[in-house]
Amino acid sequence: MHICGLDFPEENFSKHVLKRKKEGLIKTAKEYIEKIKETIRNADKFYLIRQLQDCIDKVIFFNSKTKWLLIVIYETNRILTCFYLWKSDTLEEYFQMMDFDTYLREDCKNSSYREVVKDENSEYSGFIKALQDRC
């Protein structure tokens, strides 16, 4: 499955659709695709995360109005997931609840994050802008 130039492996996509249906967030796969596109287009916060289990850079697109977030594996342009943030009011609270460090760790001894400013001159902000334009 290709969405806005990103790959979402069919098997993973199907699992996520079923899960979002069970949660009552969507009724169809088409609705899930639209949630993904909407989250990319309307995201107003962006984060770079490195998780303990794989130490791979992931970019989070977050829409603070709808509380939907999308996680993309940066190096492979692959969608990891898109979901509604149930358990906290802000993404920062979610990171704290999940025990993320508030600065990006090179050693990956703990999951960590940092905010990415869309207008900064970095490879991540360029990726964000390009994806939003494409979607």
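This is a predicted model: local features need pLDDT of at least 70, side-chain atom pairs count only at pLDDT 80 or more; totals for chains, interfaces and linings use all residues.
Residues are numbered from 1 along each chain as its sequence is written, and side-chain values use heavy atoms, with hydrogens and water left out.

**Cys4 and Cys135**
- Cys4 is joined to Cys135 by a disulfide, S to S 1.9 Å.
- The torsion about their S-S bond is about 45 degrees, so this disulfide is right-handed.
- Cys4 sits in the loop between β1 (2–3) and β2 (6–7) and Cys135 in the segment after α4, so the link ties together parts 131 residues apart in sequence. (Helices, H or I, at least four residues, and strands, E, at least two, are DSSP runs numbered from the N terminus.)
- Both Cys4 and Cys135 are buried; buried means under 20% relative accessible area, exposed over 50%, and partly exposed in between (1.4 Å probe, protein chains only).

**Cys55 and Cys108**
- The other link joins Cys55 to Cys108, with S to S at 1.7 Å, and it is right-handed too, with 70 degrees about the S-S bond.
- Cys55 is in the loop between β3 (45–50) and β4 (57–63), and Cys108 is in the loop between α3 (91–97) and β7 (112–115), so parts 53 residues apart in sequence get tied together.
- Cys55 counts as partly exposed at 32% relative accessibility, while Cys108 counts as buried at 8%.

**The cysteine left out**
- Cys82 is in no disulfide, and the nearest cysteine sulfur, that of Cys135, is 10 Å away.
- Cys82 is buried, with a relative accessible area of 0%.

**Aromatic pairs**
- The whole structure holds 15 aromatic pairs; rings of Phe, Tyr and Trp (its six-membered ring) pair if their centres lie within 6.5 Å, and planes under 30 degrees apart count as stacked, over 60 as edge-to-face and the rest as tilted.
- One of them is the tilted pair of Tyr74 and Tyr124, at 4.8 Å centre to centre and 55 degrees between the planes.
- That pair links distant parts of the chain, 50 residues apart: Tyr74 is in the loop between β5 (68–73) and β6 (78–84), and Tyr124 is in helix α4 (residues 123–134).
- Tyr74 counts as buried at 16% relative accessibility, and Tyr124 does at 9%.
- Ring pairs also link Tyr47, Phe83, Tyr94, Phe95, Phe100 and Tyr113 into a cluster.

How values were computed: A disulfide is a pair of cysteine sulfur atoms within 2.5 Å.
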